[in-house]
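Work through the exercises below with the sequence and the structure open. Each task is followed by a solution in steps.

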Amino acid sequence: MGSLDALVIQIQGLSSSAGDISRLHVILKQAEDSLPSESSRLCPILNQLDPSTHSLGYLYILEACTSAPISKEQATTLVPYIARYISFCVPEQIHLAPDKFVSVCKRFKDQVVLLGTPIRGVAPMLTAVQKLQTSSEHLTTLHPEFLLLCLLAKCYKTGLSILEDNIFEVDQPRDLFLYCYYGGMICIGQKRFRKALELLHNVVTAPMSSINAIAVEAYKKYIMVSLIHHGQFSNSLPKYTSSVAQRVLKNFCQPYIELASSYSSGKIAELEEYVQTNREHFESDNNLGLVKQVVSSMYKRNIQRLTQTYLTLSLQDIANTVQLNSPKEAEMHVLQMIQDGEIFATINQKDGMVRFLEDPEQYKSCEMIENIDSSIQRIMALSRKLTAIDEQISCDPLYLAKAGRERQRFDFDDFDSVPQKFNI
Amino acid sequence: MEPEDSPSRPMIDEIHSNGGIGVDEPSRNKRPIISSGEQLDVEAYASLYQGRTKIMRLLFIADHCGGNAAMRLEALRMAYDEIKKGENTQLFREAVQKIDGKLGPNYGVDSAWCEMVDRRAEQKKEKLENELNAYRTNLIKESIRMGYNDFGDFYYAHGALGDAFKNYVRTRDYCTTAKHIIHMCMSAILVSIEMGQFTHVTSYVSKAEQSAEALDPITGAKLRCAAGLAHLEGRKYKLAARKFLEAGPELGSHYNEVIAPQDVATYGGLCALATFDRTELKNKVIDNVNFRNFLELVPEVRELINDFYSSHYASCLDYLGNLKANLLLDIHLHDHVETLYEQIRSKALIQYTHPFVSVDLRMMANAFKTSGAGLEKELEALITDNQIQARIDSHNKILYARHADQRNATFQRVLQTGSEFDRDVRSMLLRANLIKHEYNLRASRKL
């Protein structure tokens, strides 16, 4: 009884300076074990604390509060508390106990999902991710949780905002796998296939000692997205892919590889028939929607190919070559593609002719120059980073010890010099 | 060049003067085409060859001449007669089975002959074995070589090609001079060609060519033909063409147990047409004095190559069409006729369009004697393959050459390469980080 009140007083008293907070942290750690036993009395205490000034204490109490399994009603009352806490807490204080913060946020996510309103969690989680991050290159455990919420709530645009950041530092490989997988799905939802392909590619080619389900699912989506985006799929993975993935992935994704080979034949009827016969399989993988996009991308691919060959072509001929039912349908497809900027053409409805044009981009405009300039800047920054990391690794005592050991076996004279080449 | 949008009058004249259109030059069409629709003269054809290949070629014709019963029987009759001169009873039985009594009682199963030949073969084999054993105990190299060689000849005559090959190859250990080696190689090549083992052919050709100083011109020409055949079989038409073109006129009919000089002209000519560009065609085929001698033997091929070079595509394709039936009956070429014809046709299309900024498709269709729609399809395939840089105006039936804009293409490529680099480096750094993480994890576990 008394200990809890004393704790509250200590929290209130020791939350001003950095020294005080670290003392408070020690006290809280001692009290940590006794807290869950009094979970029923904890919730009212939260009202006595201010999430912005007493962030650390609040966090410990909140964590204890949510540690027990929670019913729907309790969740209804807790969710606003946590949401408020996340938006007001101070990053410096939560960085002292990131584990606690992560577990609170995870439970928060579980609760909003339990309540069936994932959209309520999106904004607070975004704040949580930003507060937990030490830099924008840091991948936290909350990243995948946030993306999952975005997916469930269909708030793809919000999800894209954190996918724009380049991630380099990773705490847990699993976080990265999930982050890239969910991120890929969000990009697919937004039809940003290039980015999606990049993210899924990261999952598939990531170093792994044993195969995991995330990689398998990612590979399935990778096959389809590359069909949609590039119109082709090459069976071979790059050589830096882990040997397990190179060996095993294909066996798990046979129907998708066959889909790709049937796509490469360029015959729409064949593809549709294949999809129809394997419909159940794709459906059980929850990939049927994407498969349908693959099929419709083939029409686009075929029309795009026509622009390489023809200057003018009647809608009837387009319908015939692309195997559409009517000129009307062909017109709709062409129109849609012109709108999306995928082809450059004009339709002459009077004669039913389509005139294909060249890409009007002349690379002369100011925007283009700016665009190129920004690309150059980006690449320069990247290469500076690369050099820095290179230097860092060549000074890393662990690396040198290992590289030196391996060298020694061959030649004693080489021991001192830094190895010229290293493969990552 | 013409302005792009107006296919004006002078240009049409230009095409005409280029001679692409047969209709305007009736004289060309009346020119006698030697083998137009003519049936293959089996007797004349067979007289070009001798030995086993003659029989095989005749049997091949009998199998592939389709519904032409007269030709089939003629071929079988000649094959029968030819086999009777040799000692191959196996082949004899096959031929008799194919004849099936249709040639009267004179061409039936002559079992007495078979038995006689078989018996004699047994005796000869025994004799050869005894001889060889004697040589081997005496360790006389030259005699052992001769012994194996005789064995090879014996098996070859009796149709046991595998055994023949083995025995010929065995002589290799006992070869003492370059001449012997070449002899061994020539025998091995002959048997391999009969067996259809063209990888052996290539390896023995190169082996024979290593001892160049002992090569006389005739053998050299033979080797080139054999190499050409091997390349042809391996569908490397360009290399095949080169080899056939290098074959010297000394060849004459010295190699007619494998190939007739007429064949050298046909194979070489067609392969060259399918794979060479214009300058190569001019330098290596038309201006090639040696090869001209061969071409004289088959005027059709000579004419069609000249037509192709001087852009009379219609007449060239005419010649090709007439030759086709006969070429399909050729034991070596039949498999490749379709591919070669396709390649020649695409080349003709490409060459036709090459000099123009714009081409009237109707006129072009005329020159190639096809319909406009068919031509459009063919052109479409070539453009998709990036073999013709042009685009079709299907409304006005005009083909416009396409000018690649270097500047734009460069910009595009630079931007693309940049973003690819960006992406690759970022994912590489990520992977590096993961590896580092795993390494640290393992290190901390060890501690």
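**Exercise 1. Find the distance, location and cover of the salt bridge between Arg52(B) and Glu194(B).**

Step 1. The side chains of Arg52(B) and Glu194(B) form a salt bridge with an N to O distance of 3.1 Å. A salt bridge here is a side-chain nitrogen of Lys or Arg within 4 Å of a carboxyl oxygen of Asp or Glu.

Step 2. Arg52(B) belongs to helix H4 (residues 52-64) of chain B and Glu194(B) to helix H10 (residues 178-195) of chain B, so the pair ties together parts that are 142 residues apart in sequence. Helices (H or I, at least four residues) and strands (E, at least two) are DSSP runs, numbered from the N terminus.

Step 3. Arg52(B) and Glu194(B) are both buried. Buried means under 20% relative accessible area, exposed over 50%, and partly exposed in between (1.4 Å probe, protein chains only).

The model is predicted: local features need pLDDT of at least 70, side-chain atom pairs count only at pLDDT 80 or more, and totals for chains, interfaces and linings use all residues. Residues are numbered from 1 along each chain as its sequence is written, chains are lettered from A and ligands numbered from 1 in the order in which they are written, and side-chain values use heavy atoms, with hydrogens and water left out.

**Exercise 2. Locate two salt bridges of chain A, Arg192(A) with Glu164(A) and Glu342(A) with Lys300(A).**

Step 1. In the salt bridge of Arg192(A) with Glu164(A), the closest N and O atoms are 3.5 Å apart. Arg192(A) sits in the loop between helix H11 (173-189) and helix H12 (193-205) of chain A, and Glu164(A) in the loop between helix H10 (156-163) and strand E2 (169-170) of chain A, so the pair ties together parts 28 residues apart in sequence.

Step 2. Arg192(A) is partly exposed because its relative accessibility is 37%; Glu164(A) is also partly exposed, at 47%.

Step 3. For Glu342(A) and Lys300(A), the closest N and O atoms are 3.7 Å apart. Glu342(A) is in the loop between helix H20 (327-339) and strand E4 (345-348) of chain A, while Lys300(A) is in helix H18 (residues 288-309) of chain A, 42 residues apart.

Step 4. A search of the whole structure gives 40 salt bridges over all chains. One network of salt bridges links Glu198(A), Arg378(A), Asp422(B) and Arg426(B).

**Exercise 3. Which strands pair with E3(A)?**

Step 1. Strand E3 (residues 310-314) of chain A has 5 of its 5 residues buried.

Step 2. E3(A) pairs in the parallel sense with strand E2 (residues 390-393) of chain B, over 2 bridges. Strands pair if DSSP finds at least two bridges between them. Here Tyr310(A) stands opposite Ile392(B).

Step 3. E3(A) also pairs with strand E5 (residues 353-356) of chain A, in the antiparallel sense over 3 bridges. Leu313(A) stands opposite Val354(A) in that pairing.

**Exercise 4. Describe the surroundings of Leu78(A).**

Step 1. Leu78(A) is in helix H5 (residues 72-88) of chain A, and it counts as buried because its relative accessibility is 4%.

Step 2. Leaving aside neighbours within four places in sequence, Leu78(A) is in contact (heavy atoms within 4.5 Å) with Cys43(A), Thr66(A), Ile70(A) and Gln111(A).

Step 3. Leu78(A) and Cys43(A) are 35 residues apart in sequence, with a C-alpha to C-alpha distance of 8.6 Å.
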